[in-house]
Amino acid sequence: MLAHPERLQALIVQNGNAYQAGLGAKWAKIAAFWADPKAHPEVVDAFLSFDATKERHLAGTSHPEAYDPDSWDDEFAHLSRPGQREIQTALLYDYRTNVASYAAWQAWLRHHQPPTLVVWGANDPSFIAAGATAYRADLPDAEIHLLDAGHFALDEKNDEIAVLILAFMAKQFPADAPAKN
């Protein structure tokens with residue numbers, strides 16, 4: 001979107017963090033890992049553990065029954081494959097570039113003011129609810145919905161989110177509006 005702003009007509013965000021305020025407590029340990037990866041292998045160990053994998057799906061949910069256990073079982077099986085530790089370590093380390101880009105993303109949002117829908121699992125311990133409401137600083141007209149859900153809000157609130165998306169899209173692109181070329 002930064003490279004081709006003309007291609008973006010509307011923005012829908014689901015627990016997609018772009019603000020320091022949205023980083024939950026666990027990010028302090030990850031930041032220590034970014035500063036010195038070799039000194040903090042425990043961060044990668046924790047990330048790759050079965051418990052952490054399961055928690056990525058269930059932490060903050062008020063509807064654990066909405067989740068298929070295969071979600072975390074399959075993810076853990078994949079993360080346990082040969083070579084995945086190196087891949088996941090590199091990805092976790094690279095995420096620091098996202099955080100470093102937050103200011104540029106925020107400036108872009110302030111400048112372009114795209115119509116924006118933010119739907120967020122309010123109980124997400126990783127990207128906390130403050131990350132959703134922070135969008136309002138740059139996009140005062142953003143439609144923001146905090147839902148009783150964890151990080152993967154679509155797994156437990158898919159019908160509610162679908163209704164929000166359809167209503168948002170209908171406002172942005174009314175059926176009787178002339179087609180854009």
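Biologist: Which residues have the most contacts inside the largest nonpolar core?

Modeller: They are W27, W34, Y95, L109, V118, W120 and Y135, in a core of 28 residues. Two or more residues each come from β1 (11-14), α1 (27-35), α2 (41-48), α5 (84-112) and β2 (116-121). Helix α5 gives the largest share, 6 residues. A nonpolar core here is a set of buried Ala, Val, Leu, Ile, Met, Phe, Trp, Tyr and Cys residues joined through side-chain atoms within 4.5 Å. The model is predicted: local features need pLDDT of at least 70, side-chain atom pairs count only at pLDDT 80 or more, and totals for chains, interfaces and linings use all residues. Residues are numbered from 1 along each chain as its sequence is written, and side-chain values use heavy atoms, with hydrogens and water left out.

Biologist: How many helices and strands does the chain have?

Modeller: There are 9 helices and 3 strands. From the N terminus on, the order is β-α-α-α-α-α-β-α-α-β-α-α. Both kinds are DSSP runs numbered from the N terminus, helices being H or I with at least four residues and strands E with at least two. The C-alpha trace spans about 55 × 35 × 30 Å along its principal axes.

Biologist: Why is W27 called buried?

Modeller: Its relative accessible area is 8%. Buried means under 20%, exposed over 50%, and partly exposed in between, with a 1.4 Å probe and protein chains only. W27 is therefore buried. W34, at 13%, falls in the buried class too. Of the 181 residues in the chain, 35% are buried.

Biologist: What is W27 in contact with, leaving aside its neighbours within four places in sequence?

Modeller: W27 touches W34, Y95, S126 and F127, where contact means heavy atoms within 4.5 Å. Apart from the core described above lies another, of 9 residues, among them A10, L147, A149 and I161.

Biologist: How many aromatic pairs does a search of the whole structure find?

Modeller: The search finds 9. One of them joins W27 and W34, with ring centres 6.0 Å apart and planes at 45°.

Biologist: Why is the pair of W27 and W34 tilted?

Modeller: Rings of Phe, Tyr and Trp (its six-membered ring) pair if their centres lie within 6.5 Å; planes under 30 degrees apart count as stacked, over 60 as edge-to-face and the rest as tilted. The 6.0 Å distance passes, and 45° lies between the two angle limits, so the pair is tilted.

Biologist: What makes the pair of W27 and F127 stacked?

Modeller: Its values are 5.5 Å centre to centre and 10° between the planes, and 10° is under the 30 degree limit. W27 sits in helix α1 and F127 in the loop between β2 and α6 (130-133), so this pair ties together parts 100 residues apart in sequence. F127 is buried as well, at 9%. Together, W27, W34, Y95 and F127 form one aromatic cluster.

Biologist: How do you know that D138 forms a salt bridge with R110?

Modeller: The closest N and O atoms of D138 and R110 are 2.7 Å apart. The rule asks for a side-chain nitrogen of Lys or Arg within 4 Å of a carboxyl oxygen of Asp or Glu, so 2.7 Å qualifies. D138 lies in helix α7 (residues 135-138) and R110 in helix α5, so the bridge ties together parts 28 residues apart in sequence. D138 is buried at 6%, whereas R110 is partly exposed at 43%.

Biologist: How many salt bridges does the count come to by this rule?

Modeller: The count is 5. Among them, K171 and E143 meet at 2.7 Å, N to O. K171 belongs to helix α9 and E143 to strand β3 (residues 143-147), 28 residues apart. K171 is exposed, since its 53% is over the 50% limit. The bridge between E160 and K157 has an N to O distance of 3.9 Å, which is still within 4 Å. E160 is partly exposed at 37%, while K157 is buried at 15%.

Biologist: Why does F173 count as partly exposed?

Modeller: Its relative accessibility is 31%, which lies between 20% and 50%, so F173 is in the middle class. F173 lies in the segment after α9 (158-172). With I12 and M169, F173 makes a nonpolar surface patch of about 220 Å². Patches take residues with over 30% relative accessible area and no salt bridge, joining like charges within 9 Å and nonpolar side chains (Val, Leu, Ile, Met, Phe, Trp, Tyr) within 5 Å.

Technical notes: Areas by Shrake-Rupley, 256 points an atom, 1.4 Å probe, with all protein chains shown as cover.
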